Amino acid sequence: MLNRVINYMREFGSITSFEAFTELGCTRLSEYIRQARLVLNIKDKWEKTINRYGEKVEYKRYWIEEK
């Protein structure tokens with residue numbers, strides 16, 4: 001699964017937990033990001049949106065910062 005997450009970030013530029021779940025079937029993105037950070041420069045940022053109930057929510061987007 002780690003390779004799938006890395007390949008997804010390389011192909012699409014970034015990944016969120018929702019994308020990991022819907023596109024890869026991955027429910028443990030934070031663990032794979034932790035593992036990837038051991039060998040890659042993984043950056044992240046908080047993003048904000050409104051959910052279907054009109055509530056503010058935050059989530060992280062991760063990407064590989066190529067050197």
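## Contacts along the chain

Among contacts between residues at least 6 apart in sequence, 41% join residues at least 24 apart. The model behind this figure is predicted. The protein has 67 residues, and 30% of them count as buried.

Glu-31 and Lys-67 lie 36 residues apart along the chain, and their C-alpha atoms are separated by 23 Å.

## Overall build

The protein contains three helices and three strands. Along the sequence they follow the pattern α-β-α-α-β-β. The C-alpha trace spans about 40 × 25 × 20 Å along its principal axes.

The accessible surface comes to about 5,100 Å². Carbon and sulfur atoms account for 47% of that surface. The protein carries 13 positive and 10 negative charges.

The three strands form an open sheet in the order β1-β3-β2, with antiparallel pairing. The edge strands are β1 (15-16) and β2, each of which pairs on one side only. Helix α1 (residues 2-12) packs on this sheet and touches β1, β2 and β3. The direction of α1 makes about 90 degrees with that of β3.

Strands of a sheet pair through backbone hydrogen bonds, either parallel or antiparallel. Here, β1 and β3 pair in the antiparallel sense over two bridges. Strand β2 (residues 42-50) and strand β3 (residues 56-64) also pair in the antiparallel sense, over nine bridges.

Which residue of β3 is the bridge partner of Lys-45? The partner is Arg-61. Arg-61 in β3 also has Thr-16 standing opposite.

The hairpin of β2 and β3 has five residues between the strands. In this hairpin, Gly-54 takes a positive phi near 80 degrees.

## Helix α3 and its cover

Helix α3 covers residues 29-36. Its buried residues are Leu-29, Glu-31, Tyr-32, Ile-33 and Ala-36. What covers them includes α1, β1, α2 (17-24), β2 and β3. An α-helix has 3.6 residues a turn, so residues three or four places apart point the same way.

Glu-31 is an acidic entry in that list. Why does Glu-31 count as buried? Its relative accessible area is 19%, and the cut-off for buried is under 20%, so Glu-31 qualifies.

Cys-26 is found in the loop between α2 and α3. Is Cys-26 buried or exposed? Cys-26 is buried, because its relative accessible area is 3% and the limit is under 20%. Leaving aside neighbours within four places in sequence, Cys-26 is in contact with Met-1, Val-5, Ala-20, Phe-21 and Tyr-32. Among these, Tyr-32 is itself one of the buried residues of α3.

Phe-21 is found in helix α2. With neighbours within four places set aside, Phe-21 is in contact with Cys-26 and Thr-27. The C-alpha atoms of Cys-26 and Arg-4, 22 residues apart along the chain, are separated by 9.3 Å. For Phe-21 and Arg-4, 17 residues apart along the chain, the C-alpha separation is 12 Å.

Definitions and conventions. Residues are numbered from 1 along each chain as its sequence is written. This is a predicted model: local features need pLDDT of at least 70, side-chain atom pairs count only at pLDDT 80 or more; totals for chains, interfaces and linings use all residues. Side-chain values use heavy atoms; hydrogens and water are left out. Two strands pair if DSSP finds at least two bridges between them. Helices (H or I, at least four residues) and strands (E, at least two) are DSSP runs, numbered from the N terminus. Contact means heavy atoms within 4.5 Å. Axes are lines fitted to C-alpha atoms, for helices over the stretch in contact, and angles run from 0 to 180 degrees between N-to-C directions. Buried means under 20% relative accessible area, exposed over 50%, partly exposed in between (1.4 Å probe, protein chains only). Accessible areas come from the Shrake-Rupley method with a 1.4 Å probe; for residues, only the protein chains shown count as cover. The place of a charge is taken as NZ of Lys, CZ of Arg, CG of Asp or CD of Glu.
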